Protein chains: 2
Amino acid sequence: MTYCVGVKLGEGLIFASDSRTHAGVDNYAKFCKMTVFEQPGERVLVLLSSGGLAATQTVINVLRQRATAEPHHLWSVPSMFDVAVLVSDAMRDIERRDGPFLEAGGLKFNASFILGGQIAGEDMRLFRLYAEGNFIEAGVETNFLQTGEAKYGKPILDLAVSSTATMEDATKCVLVSFDSTMLSNLSVGMPIDLLCYARDSLEVTMKRRFDEGDAYFEALTQQWLKGTRRVFQELPPLEW
Amino acid sequence: MTYCVGVKLGEGLIFASDSRTHAGVDNYAKFCKMTVFEQPGERVLVLLSSGGLAATQTVINVLRQRATAEPHHLWSVPSMFDVAVLVSDAMRDIERRDGPFLEAGGLKFNASFILGGQIAGEDMRLFRLYAEGNFIEAGVETNFLQTGEAKYGKPILDLAVSSTATMEDATKCVLVSFDSTMLSNLSVGMPIDLLCYARDSLEVTMKRRFDEGDAYFEALTQQWLKGTRRVFQELPPLEW
């Protein structure tokens, strides 16, 4: 499994992904699921991957190769929508190539992405690409998109990640959402990769990896635990 | 979908269930999913149902009818384990009867239960019966059992429903867990039926239904929202 979150705020975008991949509980590994394409001052594109690792890695390799061989590629197209179409095309091409072989082995081609960022001349945007290559874009009412094991962490995001939240509060909330998910699903695991993009900056200045035992992450999640227990105690008791 | 929770604490047991049933978004209804069998001073049995309504209602009808016709029934057997076996037997009998017809229509027999309570001479116990009729019993490390749409509400239960929690705190937590689930899944809906059983009381004294707009439920969930937002603001900010 995987857990990835992309958030769109007034101040900027937040991206976070876990790093666990597995083929059964006896075969798991760590892989970074966050890929950044950056040309400072011109564009910042962030892709968060979920699904089969062979599929998602190949999509990203194809995107990189096409950037040197084709006229329209992720460094040249003028909008984030065009980037989403390029990712979608790459996904469908790989599915055409690998799909029948996977099906012969009783498997299914499975790759999906969260894509966000900004290209000079356009506002920042955030998309979710489904396994079929179609995609949706985040809006004001639904300003965060999740992939993978999304349910455990969603109520926490609902609490504090509205469009008007500050980057600071929403970042804490995203990290707590990862903690909740990891406590309930062993197939989501550290390290967590976090990237906060400041609107119109057109460069990556805030990127950080949280490894097992990270002091900030531990302090954050412990304080969340203590704080919410206090909230429960202060809630009005039910009178019978 | 459905959401049911059973909790086992030092002080007693908590049961809660939603009331929404549906066959598609254009066909939904309210049905109580909590069934209580009580003989004050002798036994209290509580069943929470999830799965197809035709299946779960028939299982409960069969349990009631067998109580008047067979030597071993839910009013006579000496242990909660025996009650779990009776429920399991009824589930399998109905599946034998209905299963092939459902399969002919492309459906699957689907019923599962949370069962808890106490019989005089034994401590209180809490079980979860799977659709196949096999079952597990809650213990000290895992003292709550959920059925249906379990993921959205689980991190909240993990926060405040340990074996040593008070009935008062755990009850508030169970209700907040329902609120989180209903916000994320439209197929879980009010009214919520709640029953708190005090250890060794052998009678039901705390049973309550929370309807849409219930003043206590509204106050509780609003205060939870405000309280957790405050906790988020007080969490240490991430330094870059």
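The paragraphs below take up a helix, then aromatic pairs, then a set of paired strands.

This is a predicted model, in which local features need pLDDT of at least 70 and side-chain atom pairs count only at pLDDT 80 or more, while totals for chains, interfaces and linings use all residues. Residues are numbered from 1 along each chain as its sequence is written, chains are lettered from A and ligands numbered from 1 in the order in which they are written, and side-chain values use heavy atoms, without hydrogens or water.

Helices (H or I, at least four residues) and strands (E, at least two) are DSSP runs, numbered from the N terminus. Helix α4 of chain A covers residues 167–184, which makes 18 residues. From its first C-alpha to its last α4(A) reaches 26 Å, close to the 26 Å expected at 1.5 Å a residue; the expected span is 1.5 Å times one less than the number of residues. Of the 18 residues in α4(A), 16 are buried. Buried means under 20% relative accessible area, exposed over 50%, and partly exposed in between, with a 1.4 Å probe and protein chains only.

Thr181(A) belongs to this helix. Its relative accessible area is 0%, so Thr181(A) is buried. Beyond the neighbours within four places in sequence, Thr181(A) is in contact (heavy atoms within 4.5 Å) with Tyr3(A), Glu149(A), Tyr152(A), Gly153(A) and Val188(A).

Over all chains there are 14 aromatic pairs. Rings of Phe, Tyr and Trp (its six-membered ring) pair if their centres lie within 6.5 Å; planes under 30 degrees apart count as stacked, over 60 as edge-to-face and the rest as tilted. Phe81(A) and Phe135(A) are edge-to-face, because their ring centres are 5.7 Å apart and their planes stand at 65°. Phe81(A) lies in helix α2 (residues 80–104) of chain A and Phe135(A) in strand β9 (residues 135–137) of chain A, so the pair ties together parts 54 residues apart in sequence. Phe81(A) is partly exposed at 39% relative accessibility, and Phe135(A) is partly exposed at 24%. Ring pairs link these two and Phe127(A) into a cluster.

In chain B, strand β6 (residues 43–51) has 8 of its 9 residues buried. Strand β5 (residues 34–39) of chain B runs antiparallel to β6(B) and is joined to it by 6 bridges; two strands pair if DSSP finds at least two bridges between them. Phe37(B) has Leu45(B) in β6(B) as its bridge partner. The two strands form a hairpin with 3 residues between them, and Gly41(B) in the turn has a positive phi of about 85°. β6(B) also pairs with strand β7 (residues 111–119) of chain B, antiparallel over 9 bridges. Here Gly51(B) has Ala111(B) in β7(B) as its bridge partner.
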